[in-house]
Amino acid sequence: MAFCFNKDRAKFDEFLEFVEGKKNDKGAVMPVLQEAQRLFGYIPEEIVDFMALKLNKHSSEIYGVASFYSQFTFKPRGKHSICICLGTACYVKGADKLLDDFLKELNVAKGEATADGLFSIVETRCVGECALAPVVTVGDDVYDHVSESQVTEIINKYKE
């Protein structure tokens, strides 16, 4: 299998060093996936193939682990990930409508980044703030009791 990665060579070199240090560890797939997500912001297809090669696993095993956990994504995220909680309390209080409002305001599909790479919308399940429902997070910032009228305000706070 030939391997080619034409994106950020410095990040790839850092990733290669990390993988070399973990490749013989039992259970290396999870920490290696976490490092890939940290470095690249998502899990590129080429990186899955590289991991499979270096960890002596099938690509399907790598995909299986990565697709099971919501912390991993196979598509680049925007600089600011807007996470809409769709846990029961938030959903009952209109989080599904908020999700639609954010998607419409940013003109983006679920899981995709905006054309300028600034935002992406992420559905999440329960952020543990049920009494504050509906809840939206952007990075470490938590917005509680979010209403439709706050959508544009929240987005504008992160525009550069």
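Q: Which element gives the largest share of the lining of the largest pocket?

A: Rolling a probe the size of a water molecule over the atoms shows where empty space is left. Here strand E2 gives the largest share, 4 residues (strands are DSSP runs of E, at least two residues, and helices of H or I, at least four, numbered from the N terminus). This is a predicted model, where local features need pLDDT of at least 70 and side-chain atom pairs pLDDT 80 or more, while totals for chains, interfaces and linings use all residues. Residues are numbered from 1 along each chain, and side-chain values use heavy atoms, without hydrogens or water.

Q: What lines this pocket, and how much space lies in it?

A: The lining has 14 residues, with Ser-70, Phe-72, Arg-77, Val-122 and Glu-123 nearest the centre (a pocket is an open set of points on a 1 Å grid over the protein atoms alone where a 1.4 Å probe fits, with protein on both sides within 12 Å along at least five of seven lines; lining residues have an atom within 4 Å of a point). Two or more residues each come from E1 (80–85) and E2 (119–124). About 410 Å³ of space lies inside (the space filled by probe spheres set on the points, which are joined across faces, edges and corners).

Q: How do H6 and H7 meet, and which residues take part?

A: Two packed helices are described by the angle between their axes and the distance between the axes. The axes of H6 (residues 95–106) and H7 (residues 151–158) come within 10 Å and cross at roughly 50° (axes are lines fitted to C-alpha atoms over the stretch in contact, with angles from 0 to 180 degrees between N-to-C directions). In H6, Leu-98, Asp-101, Phe-102, Glu-105 and Leu-106 meet Val-151, Thr-152, Ile-154 and Ile-155 of H7 (contact means heavy atoms within 4.5 Å).
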